[in-house]
Amino acid sequence: MITSGDLLSGDALPTEKEIQSHHGVSRTVVREAIRHLAAKGLVSVGPKVGTKVRPRIAWNMLDADVMAWHLTAPVRRPFIEALYEMRLINEPNAARLAARRIDEAQSERLRRALGGMRDYPRGSAELIAADLDFHRIVLEATGNPLLVSLGSLIERSLSVSFSLSWRQNPQDETVRQHDRVMQAILSGDGDAAELFMRRLIESAFDDVIHALYANGEEETRSGGAPDARKIAEPRPSGAA
C-alpha cells in the first residue's frame with residue numbers, strides 16, 4: 001500500500017487491531033512488521049501520533065524488499081525508469097574501467113557468461129542468471145568494491161527487468177549487443193566499451209517498457225505515448 005501510493009507521505013497506517021483483524025495475525029507479528037518497515041525508512045512510529053508514512057526521499061530504495069514491492073506494484077514504470085537511469089550513470093563508466101583493469105580469470109568468466117546467454121533457452125532462469133553474471137563480472141572487473149556492492153544490491157530488481165527484456169528482444173540480437181561490450185572490454189578499448197554498454201542499457205530499457213505495456217500497465221503520465229528513451233543521456237557526437 002505504501003510503495004504503490006495508496007498510502008501517501010504523512011498518512012497514518014491502520015491501527016494494530018485493524019491490521020491484526022485484516023491479516024489474521026498476532027499483535028507481536030504486527031509490531032515486528034512495523035519495526036521492519038521503520039528500519040527500511042518507510043514509516044515513523046511516535047507516541048500518540050501512531051505510525052505514519054515517511055516521505056519517499058527517506059526510504060531505503062536499495063533495500064531488497066523495497067525494490068521488490070515497487071516491482072510488484074500495479075504501476076512500475078517510474079521505478080523502472082529510476083533503475084535504468086542509475087544503470088546508465090554507473091555501468092557505461094564501469095565498462096570503461098573494466099577495459100583497463102580486467103584480468104585473465106575475469107575475462108574467461110565473462111566469456112562463459114556470454115556463452116550461457118547464447119546457449120540457454122530464451123527466458124529461462126539459467127539464461128537470466130548468465131545475463132546477471134555478465135553485468136556482475138563487468139562491475140567486479142573495475143576493481144572498485146563499491147561498484148561491486150551496487151551490483152549485488154540491485155540484483156533482485158535486475159532479475160525482474162532482465163526477464164521482461166528477454167521476452168521482447170530476439171535472443172541473437174541481445175547476445176550480439178553483449179558480445180560487442182565484451183569484445184571492447186577484452187581489447188582494452190574503453191571508449192567503445194562505454195558506448196556499447198550505454199546502447200545495451202538503452203535497448204534493454206526499451207524492451208522492458210514495451211513488455212510492461214504489453215502486459216497492460218497503464219501510462220500514468222500526461223503527454224500521450226511513452227518515450228522509452230527519455231532517460232538516456234545525449235550520445236557522443238557522431239554515434240549511431
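A polar contact is a pair of N or O atoms within 3.5 Å; within protein, one atom must be able to donate a hydrogen and the other to accept it, and residues adjacent in sequence count only if both atoms are side-chain atoms. Here the side chain of serine 107 reaches the backbone oxygen of aspartate 103 at 2.9 Å.

A word on the model: this is a predicted structure, where local features need pLDDT of at least 70, side-chain atom pairs count only at pLDDT 80 or more, and totals for chains, interfaces and linings use all residues. Residues are numbered from 1 along each chain as its sequence is written, and side-chain values use heavy atoms, with hydrogens and water left out.

Let us stay with serine 107, which lies in helix 5 (residues 104-119); helices are DSSP runs of H or I with at least four residues, numbered from the N terminus. Serine 107 counts as buried because its relative accessibility is 6%, and buried means under 20% relative accessible area (1.4 Å probe, protein chains only).

Next come the aromatic rings. A search of the whole structure finds one aromatic pair. Rings of Phe, Tyr and Trp (its six-membered ring) pair if their centres lie within 6.5 Å; planes under 30 degrees apart count as stacked, over 60 as edge-to-face and the rest as tilted. The planes of tyrosine 84 and phenylalanine 205 stand at 55°, so the pair is tilted. Both residues, tyrosine 84 and phenylalanine 205, are buried.

| Ring partner | Helix |

Notes:
Buried < 20%, exposed > 50% of the residue type's maximum accessible area, 1.4 Å probe, protein only. Helix = DSSP H or I, 4+ residues; strand = E, 2+ residues; numbered from the N terminus.
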